[in-house]
Amino acid sequence: MKFGVVVFPGSNCDQDCFQVIDKVIKQPVEYIWHKNIKLDSFDCLVLPGGFSYGDYLRTGAIARFSPIMSAVIDFADRGGLVIGICNGFQILLEAGLLPGAMLRNKNLHFICKYVELKVENTDTPFTARYKKGQIVRIPIAHNEGNYFIDEAGLKELKKNNQIIFRYHKENPNGALDDIAGIVNKKGNVLGMMPHPERSSEMELGSTDGRLVFESIVDRLKK
Amino acid sequence: MIKPEIYQALGLKDEEYQRIEQILGREPTHTELAMFSVEWSEHCGYPSSKKYLKLFPQKGKYETLVGEDSGGIIVDDLAIVFKMESHNHPSQVEPKQGAATGVGGIIRDIFTAGARPIASLDSLRFGPLTEPYNRYLLSGVVDGIAFYGNCLGVPTVGGEIYFEEAYSGNCLVNAMSIGICKKAELARAKAVGVGNSIMYVGSSTGRDGIGGCSVLASAEFCEGEEKRPTVQIGDPFTEKCLIEATLEALATGHILGIKDMGAAGLTCSTSEMAAAGGVGMEVDISLVPRREEGMEPWEVMMSESQERMLACIKAGHEEEINNIFEKWDLHGVVIGKVTDTGIVRISDKGKVVAEIPAQSLTEPVILDLPFERPEYLDEINRLDLSKIPQPQDYNEVLLKLLASPNIASKARVYEQYDHMVQTNTCVLPGSDAAVLRIKGKKWAIAAVTDCNGRYCFLDPNLGARIAVAEAARNLVCSGADPAAVTDCLNFGNPNKPDRYYYFKNCVEGIIESCRFFGTAVVSGNVSFYNENPKGAIYPTPTIGMIGILSDLSHRTTQYFKNEGDAILLLGETKEELGGSEYLKVIHGQVKGLPPSLILGTEKRLHDLLLTAIRSGIINSAHDCSEGGLAVALAESCISEKPLGAEISDLSLNLRPDILLFAESQSRIVVSVPPGQVIKIEEMAQKDKVPCRVIGKVGGGRFKILKLIDLSLDKMIQSFKGALG
């Protein structure tokens with residue numbers, strides 16, 4: 001089993017994800033520079049948060065053209081597990097691996113704080129360790145987390161149980177239907193705005209995010 | 001013949017010009033004149049302040065390192081490098097870019113020392129929010145800090161914001177950054193070894209920010225002047241790449257010295273690196289990557305384009321280093337080499353445009369400026385308490401104080417900063433100090449900034465001593481041992497003796513406090529000319545302080561934790577209202593003397609609390625500062641899970657408003673489990689620290705004697721709604 005953390009110029013949560021996989025859940029992990037296109041040796045790819053290409057033009061819009069992205073698409077098509085966190089989620093949207101788009105937060109400000117999430121679907125490789133309906137505390141930190149999709153798309157997401165996390169009680173950014181995280185139809189690509197890697201160690205105030213990584217390990221061990 | 005108008009326009013005085021002619025033995029070229037003007041400016045050369053800065057203690061209870069551009073302390077095998085710097089005038093002119101490039105500049109000073117930046121703090125001062133321009137400044141500055149810091153992935157974990165009339169027309173933006181690296185991997189800002197290469201790395205050079213430091217930072221604002229072209233534009237994405245590339249390149253061991261091109265760009269980096277290494281340098285600026293056509297040599301030398309650095313590379317390894325910068329899509333171009341002449345020789349396509357002894361550039365005339373105590377202080381320092389009417393409704397007074405922007409919750413601001421990235425922030429913003437873990441270590445770092453400018457205005461020496469004491473107290477409340485200091489000294493025009501009086505006395509106050517606490521001053525920055533047409537700002541010597549927690553598990557927050565815990569006041573409330581937030585907000589007066597401070601008393605309090613925290617009996621600790629005891633208690637109630645408090649015993653023979661709102665120093669509110677009261681009382685008695693059980697946590701409301709009885713919701717509304 002091997003995790004790969006993709007590093008785009010401007011990624012800034014790559015080391016945080018690496019730390020959790022390496023030191024907390026203690027699994028093999030390597031950084032993958034965005035110009036690398038050989039992904040055969042990996043079982044799960046993490047597209048970390050941050051500001052790939054400075055968020056210039058539009059968040060995620062430049063990173064999707066990085067050489068690695070066509071390899072990531074092939075990897076996902078072959079059924080490999082891909083998780084995009086925050087900017088990683090935005091890149092997955094831009095690359096078309098997940099449906100919908102991100103708008104700016106409704107208050108037009110960057111927001112960094114703990115939020116409560118409701119786990120809506122535990123029948124995925126990323127959430128099997130949670131209980132359905134469980135309320136968890138995981139921080140957000142973004143400028144563009146206001147998820148949007150057209151009516152037909154939303155219907156589709158609901159029909160296929162693709163909505164994985166919803167903001168609970170307070171919707172911080174205006175996301176449609178309180179959506180905080182979704183999977184693709186096949187269920188092997190997850191995008192989420194909250195940062196599970198920031199809530200995987202008790203020293204930081206919450207371990208609720210660790211279950212995402214542990215769920216992945218469970219699946220890969222099967 | 002150089003006309004006086006030319007050198008005067010560059011900010012040089014007649015006597016400085018004469019000295020330049022003496023050094024060179026001839027008339028300077030335009031490029032040389034420009035180089036002297038920036039190097040000898042207040043921003044780079046500190047001519048007006050050097051005399052006093054030399055007196056700061058550079059040694060303390062922790063092993064210190066004082067480098068060329070930053071300083072720090074050594075804790076086991078790690079160096080903690082930190083520094084604070086001002087970007088006041090640029091922010092007043094263009095708040096977003098001014099603040100953004102302030103953050104970018106200070107962070108470059110950290111990673112050019114070889115340290116990975118792990119946190120930033122920002123100490124901000126504005127005029128009252130009732131004026132629209134001040135609201136524009138606040139939102140622009142916060143936006144700029146967020147824009148730059150968030151993108152870099154360096155968490156902004158703390159700081160402070162104050163609002164006073166004195167800062168209208170001249171806001172203060174002081175940015176502090178902290179980095180860590182292995183002690184053995186520290187980099188120096190020196191050029192060494194004749195024949196080694198001088199490499200330009202980072203972004204390209206344009207006309208932005210030309211003369212920024214000599215023009216903007218070294219003169220007062222006059223009404224109606226257009227200064228926008230002298231503000232630099234920040235590119236945080238390039239800086240993020242520059243951090244990664246620089247740290248990667250330093251790890252090769254082939255970079256012998258490296259320096260940020262911040263203020264005064266190439267001029268500063270070439271001459272200071274040569275002077276620090278005791279060598280000369282030959283540079284061909286036609287090789288400098290440009291982003292604009294037709295730049296004159298002096299423009300290239302003066303440009304303050306951001307995200308650039310100068311490095312000294314071991315000969316033969318240029319390509320290896322260049323490859324690393326190219327990987328990150330950055331320039332890495334050899335533009336010159338180290339010589340043994342002691343002279344910085346700048347040529348442009350073979351034509352020499354400047355030839356200056358490096359040492360002379362870094363040795364401005366050190367001025368001995370006159371100072372005089374302002375006469376108005378006699379009147380302002382007089383405060384007759386009998387003329388201050390006592391309020392009828394203390395509930396209302398407390399709510400007003402909680403809603404005063406100086407006291408109110410700053411969550412609306414710090415939630416715009418990514419304060420968690422790098423996953424080290426173990427105490428989030430909002431408490432007395434931020435606490436950062438060091439991965440792989442048991443110990444941790446706490447950091448804080450502090451300065452009450454109003455106190456410094458009323459009594460600069462006492463105000464500065466308090467700034468240091470309070471910073472230390474905040475660290476102690478979070479469980480840390482105060483370790484070392486960086487400072488950012490913001491004052492008015494040093495050529496006015498009353499302003500210089502404030503500078504001199506504040507510096508002496510800092511020295512006294514720092515010597516007492518054993519906290520060395522390892523780095524810092526001076527910003528003069530902070531004036532507007534109405535006068536000078538409050539003297540504001542911002543203190544940035546680092547503390548060390550011997551064990552991360554000692555981290556303590558200000559928030560009450562459990563119903564039923566006993567609340568104790570450590571320290572003593574005195575009959576003091578001078579300079580208080582209460583006196584200003586409720587009575588509209590800025591008068592009297594700041595609260596008294598006895599350093600020995602303060603130190604005993606620190607020792608007691610640290611011992612108690614380490615023995616595991618303290619559930620919360622919060623320092624009493626602006627707004628006094630009542631505000632400190634209220635703030636301890638307002639956490640993510642708010643808890644009430646009932647204060648039943650203050651039994652002091654003082655006026656109720658003094659009891660509640662005096663800002664007497666050396667006081668800390670703590671809560672402990674009921675069973676531990678005896679233990680802390682014994683410890684306090686032994687350490688000779690006044691200690692009294694004043695009430696208990698819980699009850700769902702906030703009550704103090706028969707004076708205050710408020711619902712938590714109402715307090716939270718006032719506290720959290722004010723900066724909305």
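Predicted model: local features only at pLDDT ≥ 70, side-chain atom pairs only at ≥ 80, totals over all residues.
## Confidence

The model has an ipTM of 0.97 and a pTM of 0.95. In chain B the mean pLDDT is 93, with 97% of the residues at 70 or more.

## Chain A

Chain A contains five helices and eleven strands. Its C-alpha trace spans about 40 × 35 × 35 Å along the principal axes.

Of the 222 residues in chain A, 55% are buried. Among contacts in chain A with a separation of 6 or more, 75% are between residues 24 or more positions apart.

## Where chain A touches chain B

In the contact between the chains, 23 residues of chain A meet 24 residues of chain B. On the chain A side, the elements that give two or more residues are helix H1 (14–24), strand S6 (111–119) and strand S7 (135–142). S6(A) has the largest share, with three residues. By type, this side of chain A comprises eleven nonpolar, six polar and six charged residues.

## Strand S23 of chain B

Strand S23 of chain B covers residues 620–623. Ser620(B) and His622(B) point one way from S23(B), while Ala621(B) and Asp623(B) point the other way. All four are buried. In a regular strand, side chains alternate between the two faces of the sheet.

S23(B) pairs with strand S25 (residues 668–672) of chain B in the antiparallel sense, over four bridges. Asp623(B) is opposite Ile668(B) in S25(B).

Methods. Residues numbered from 1 in each chain as written. Chains lettered and ligands numbered in written order. Contact = placed C-beta atoms within 7 Å. Nonpolar A, V, L, I, M, F, W, Y, C, P; charged D, E, K, R; others polar. Buried ≥ 20, exposed ≤ 12 C-beta atoms within 10 Å, placed from the backbone. Pairing = 2+ DSSP bridges. pLDDT = per-residue confidence, 0-100.
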